[in-house]
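Please keep the sequence and the structure in view while reading.

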Amino acid sequence: MIYFENPKDKSLNFTIENHSLSTNFHWEILADKDSVTQGNSVITNGAKKTIPVSSDGITNKKITVIITSDGNTKEIYKSL
Amino acid sequence: MFDFIFSQTILYLTLILVLFVPGFFLILGTRMHKEFSLLELFVLSFGSSIALIDFLVIILGKSPLGITRNSIVGGIVLFSVICLTVYFIFNKKNNSEPSIPAPAISSSRIKKHSTILVITLLLLTIFIKTIYFKDAIFPTSTDLGHHMYWTKVIAVTGELPKYEKVEIQEDFTLEEPSPIADFIIGEHLPFAAIAIISSASVISAFPAITLFLIHLMSVLAIFVLTQALFKNSKHQNAIATATLFLVGPLWAIASPQAKFASGGVIGNNIGNLLIPLIILLFLKALIEKKSKILAYALFLSFGLAYTHHLSTFVFAFIFFFTIIAYAIINPKTLLQDAKGWMKLIISPWVLGVLTAGIIFIFFLYTPTYLNTTAIDTAVGAPSKATRTGLTFDQFKSTAGEARFAFALLGIVILFFARSLGKYNQAFLIGWIVALTIMSLRPNWLFVDIPSNRVASYIVFPITIIAAYALIKILTALKSEGKNYLNPIFLLATFFIFLSFIATSGLYDNALALNDASSANKALQTYNASEYITKRSDAKDMILKDHNYLAGDSWIKLFTMRGYSYPLSRGYFKRYEDETKPREQCTNFMISTPTAKEAKQCYDGTGTDFIMINPKIDSSQFSRLKEFWQVYSADDIGIFYKAN
């Protein structure tokens, strides 16, 4: 599962919690449809990792965080 | 590992302390232990403990002591010490007085092979039900979630709960809390006592384990009741064993059996234990003319009244029809017998219990359902299609076809039975007739309750009468010294009956087994609940969906902000029920969030978090700028309404 650390404000820090057998997670951040940044994380089963993301200078855009692991994709988003 | 073993040991010791000790000492202190067999004592101790814990915790809740581990344990210990002291005093007194020959005590002497058969059946029963429970032990069921919320309220606050809900008004705002009549305190107090003493979390297996234990006890209760009902029959043990066969391993899972336990139908579950015990006590009291046992029956009846309104209502009808059956069967001795009943009633024990019960109800704690609104909803012409009575086929299916077939024969044989005992016969007939009419023709009795719930109570009397018929047929075919059938045909008949019954019962078990556990999905809901509880406060309002989320009724055990928090989109058919119009906000806010009414609902209720199944309900939110998806798992997603 993935979630924003603070769901109510404009901060974009998010956490990946792994409850599956896959350990490799690829994440990508989009501003509207443009890719802003991406990365990879190795998270063992039962563990979680918080990835800090700065929202400075981002306005009037839909920020989407897409996580891919072993063919499964999840996304969360905020409209700043 | 050690922590787990320790916590489990504490839990099981707590179960013994709460669910066995007080009842055992009550029987000891009132010196009634000699009136019952060991098995009856065992089951009665259990049932009595449930009632005693209810009354004890209510007293603690009304006192300055509050409901804490020390006060509950202290209360149980004090009560047990008092009973033990009384027992020793009277024991000493009796030893110093010239001994009066004790009356012949009924004790079931089961032969060795019968004992082995009974034990085998019990083990098979536990085995089959455990197979079902292995996939149903994880706390997910809706009813259990609702009940455990109140249990947690008691455990956390140390006070008796105020059963209240909040609903959405016509102007789309939330109304002030209003009372709920459907929750009865006895459904929560024993669980709260166990949770408080053992520190076990209510969001765990312990509630289901406790309900499973209560359910097993109810099977034993039916067994001991059958022995008592057929005490005068030379086939007493065979009938009781056959009853155990028909109610234990067969039809073991479908309602009202194991499914009621895993489904968290707490009141019904406890009612299914207490009703046979109360009948057993009334039977014994009337046959043996003992006012003390009658007082005990009344005490357990009060316990039932504090536990489950429907079971109390059903028992009242059973009692009423038993009196009618008795009057029809024994018209000549009715007046004389009535005088004998009055003698029993007007006795210190009975009047003492009645007085204590009335004082408790009117001055200490009145069960929530004893108000005109609740009574109006249960009494009257059936208001919905689901309350107009079952069809014959539905009734047959509820009873189990094979059991139903033998029970039909059994009722006929019962009417003409002469040596069973007048009270035994009256109770059996009254029990079955009351429930048959309540299930098939509730309008005759002005009963306005879901008929399938009422019909679930028919299982136990049908089982007993079916067992009676089965044994009567087999023993009639092979009377003493005469074989009406060739022994080989007799054996074949026996196996045909056995196959018919076993196939029917085991097939029912197979149908009722779950394909897969919903534990994984429920676990996702609980993780999401922890997330949202940490990141929201009382100013936020959450709306969740009941249709497509697993374990959603347990979300409120995480937030603990009220029974009606979070708001819930219920089953869709309820929004279309013309007999019971309800608010539409919870439906609009999820189904059509852009509609004008939905926006009014969002503004009026202050809803800003939505919990839904993303596979079903995310598309209507993902297009909207004001909704952020802040949490994403396989089977649950959370949206936040940013503006």
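In this predicted model, B:I239 touches B:T226, B:F230, B:S233, B:A467, B:Y468 and B:I471, leaving out residues up to four places away in sequence. B:I239 belongs to helix 9 of chain B, which covers residues 236–247. Its relative accessibility is 2%, and B:I239 therefore counts as buried, the limit being under 20%. Between the C-alpha atoms of B:I239 and B:A228, which stand 11 residues apart along the chain, the separation is 11 Å.

A second residue, B:M342, is placed in helix 14 (residues 334–345) of chain B. B:M342 has a relative accessible area of 44% and is partly exposed. Together with B:I345, B:I346 and B:L351, B:M342 forms a nonpolar patch on the surface, whose accessible area totals about 350 Å².

The two residues are set side by side below.

| Residue | Helix of chain B | Relative accessible area |
|---|---|---|
| B:I239 | helix 9 (residues 236–247) | 2% |
| B:M342 | helix 14 (residues 334–345) | 44% |

The largest nonpolar core has 172 residues, of which B:L273, B:Y296, B:F299, B:L300, B:W431 and B:I501 touch the most other members. Helix 8 (residues 206–229) of chain B contributes the most to this core, giving 16 residues. Because domain 1 (113–138 + 207–517) and domain 2 (519–641) of chain B both supply residues, this core lies between them. Apart from this core lies another, of 51 residues, including A:F4, B:I532, B:F621 and B:I638.

Beyond its neighbours within four places in sequence, B:L273 is in contact with residues including B:V43, B:F46, B:I214 and B:M217.

Notes. Residues numbered from 1 in each chain as written. Chains lettered and ligands numbered in written order. Predicted model: local features only at pLDDT ≥ 70, side-chain atom pairs only at ≥ 80, totals over all residues. Heavy atoms only, no water. Patch = residues over 30% accessible without salt bridge, like charges linked within 9 Å, V, L, I, M, F, W, Y side chains within 5 Å. Areas by Shrake-Rupley, 256 points an atom, 1.4 Å probe, with all protein chains shown as cover. Salt bridge = Lys/Arg side-chain N within 4 Å of Asp/Glu carboxyl O. Helix = DSSP H or I, 4+ residues; strand = E, 2+ residues; numbered from the N terminus. Buried < 20%, exposed > 50% of the residue type's maximum accessible area, 1.4 Å probe, protein only. Core = buried A, V, L, I, M, F, W, Y, C linked by side-chain atoms within 4.5 Å. Domains from an automatic or database assignment. Contact = heavy atoms within 4.5 Å.
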